[in-house]
Amino acid sequence: MAPPLNDDAIVLRTTDFSETSMVVTFYTRENGKISCLAKGARRLKNPFDTAMDAMNICRILYYPKNGDVLQLVTEAKLIERFRADSTVAIYAGFHVVQLLDHFTENFNPQSALFDLTKIVLKDILSLDNVCRSATLAEPPEKLSRCLFHYELRLLELVGLAPSLYECPGCGEKVEIRRGGKRVAFSVADGGVLCAHCRPGRRGVISLSPEALGALRLLASPEERYWKRLQLSQKTLGEIRGVWNQFLTYQMERPAGILKWLKR
């Protein structure tokens with residue numbers, strides 16, 4: 001048997017395996033996504049306690065196995081617990097780990113993706129108090145902004161981000177001016193279209209310069225750009241309507257939690 005490995009991990013999901021054991025899917029910092037068998041994890045007294053609840057961050061010890069088979073996890077020490085009181089924050093956390101699970105493959109590590117997810121889960125928890133007075137139909141603007149940023153950065157890191165500055169058809173830069181003409185966005189082509197490539201394209205959505213400008217800032221890795229935004233309800237609704245369609249296209253199915261994010 002190969003020697004055990006230690007790694008920081010985000011708990012994505014758990015599945016019952018037997019009366020006493022479960023399968024836990026982690027996204028680890030050094031080894032990417034892995035699925036592990038946690039023996040005895042369903043017992044009242046177990047060696048993992050509550051470390052393996054979804055969205056928690058823990059330090060795990062597991063025995064790697066060759067091939068796409070279950071690894072064996074023997075230890076999980078809690079580092080950061082995702083403890084939120086509001087339903088809105090809890091749903092947002094589940095949305096994040098579901099997307100991470102969907103868009104990643106086993107044993108394909110990206111430390112930047114691990115760090116991004118760790119930060120956004122912290123940001124969601126910091127908004128728990130604000131979320132208490134919100135509803136699933138109308139999440140707080142700060143939370144919506146946080147999730148937009150995560151979704152855009154996630155798709156960039158896995159190579160599926162839309163082109164927001166250049167036309168994917170010809171590479172021409174697409175300029176925007178405040179109060180100027182609306183810009184064509186193609187879900188199928190994966191980005192904004194220039195005036196020359198727009199004719200004849202199907203399934204094209206029209207974006208206001210304000211909405212496209214906001215998307216560009218939300219996609220930035222720099223906090224000073226996206227965290228300082230103040231998005232109006234109108235711009236939020238426009239962005240979410242377009243982005244839901246793009247995300248659904250990339251996932252090849254509607255995201256289960258996206259229904260409450262439609263504004």
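This is a predicted model: local features need pLDDT of at least 70, side-chain atom pairs count only at pLDDT 80 or more; totals for chains, interfaces and linings use all residues.
I began with helix 5 (residues 209-218), which lies across strand 6, strand 7 and strand 8 and runs at about 95° to strand 8.

Next I looked at helix 7 (residues 233-251). Helix 7 packs on the sheet too, where it touches strand 6 and strand 8. Its direction makes about 155° with that of strand 8.

In what order do the three strands of the open sheet come? I traced them as 7-6-8, with antiparallel pairing. Strand 7 (191-193) and strand 8 (204-207) are the edge strands, since each pairs on one side only. From one strand to the next, the twist averages 40°.

Then I checked how strand 6 (residues 183-186) is joined to strand 8. I found four bridges between these two, and they run antiparallel. For a landmark, I picked Phe185, which stands opposite Ile205 in strand 8.

**Largest pocket**

The largest pocket has a volume of about 240 Å³. Which residues line it? I wrote down Glu172, Lys173, Val174, Glu175, Lys181, Arg182, Val183, Ala184, Leu193, Cys194, Ala195 and Arg198. Sorted by class, this lining has six nonpolar residues, six charged ones and no polar ones.

**Second largest pocket**

How much space lies in the second largest pocket? I noted about 180 Å³. This pocket is lined by 13 residues, and the closest to its centre are Leu116, Ile119, His149, Pro221 and Glu223. I also looked up which elements give two or more residues to this lining: they are helix 2 (111-126), helix 4 (141-157) and helix 6 (223-226). Here I counted nine nonpolar residues, one polar and three charged.

**The whole chain**

Last, I zoomed out. The chain has seven helices and eight strands. Along its principal axes, the C-alpha trace spans about 60 × 45 × 30 Å.

Why compare the chain's radius of gyration with that of a compact globule? I did it because a compact globule with 263 residues would have a radius of gyration near 18 Å, and the chain's 20 Å agrees with that.

Definitions and conventions
Residues are numbered from 1 along each chain as its sequence is written. Side-chain values use heavy atoms; hydrogens and water are left out. Two strands pair if DSSP finds at least two bridges between them. Axes are lines fitted to C-alpha atoms, for helices over the stretch in contact, and angles run from 0 to 180 degrees between N-to-C directions. Contact means heavy atoms within 4.5 Å. On a 1 Å grid over the protein atoms alone, a cavity is a set of points where a 1.4 Å probe fits but cannot get out, and a pocket is an open set with protein on both sides within 12 Å along at least five of seven lines; lining residues have an atom within 4 Å of a point. Grid points are joined across faces, edges and corners, and a volume is the space filled by probe spheres set on the points. Ala, Val, Leu, Ile, Met, Phe, Trp, Tyr, Cys and Pro count as nonpolar, Asp, Glu, Lys and Arg as charged, and the others, Gly among them, as polar. The radius of gyration is taken over C-alpha atoms; the globule rule is 2.2 Å times the number of residues to the power 0.38.
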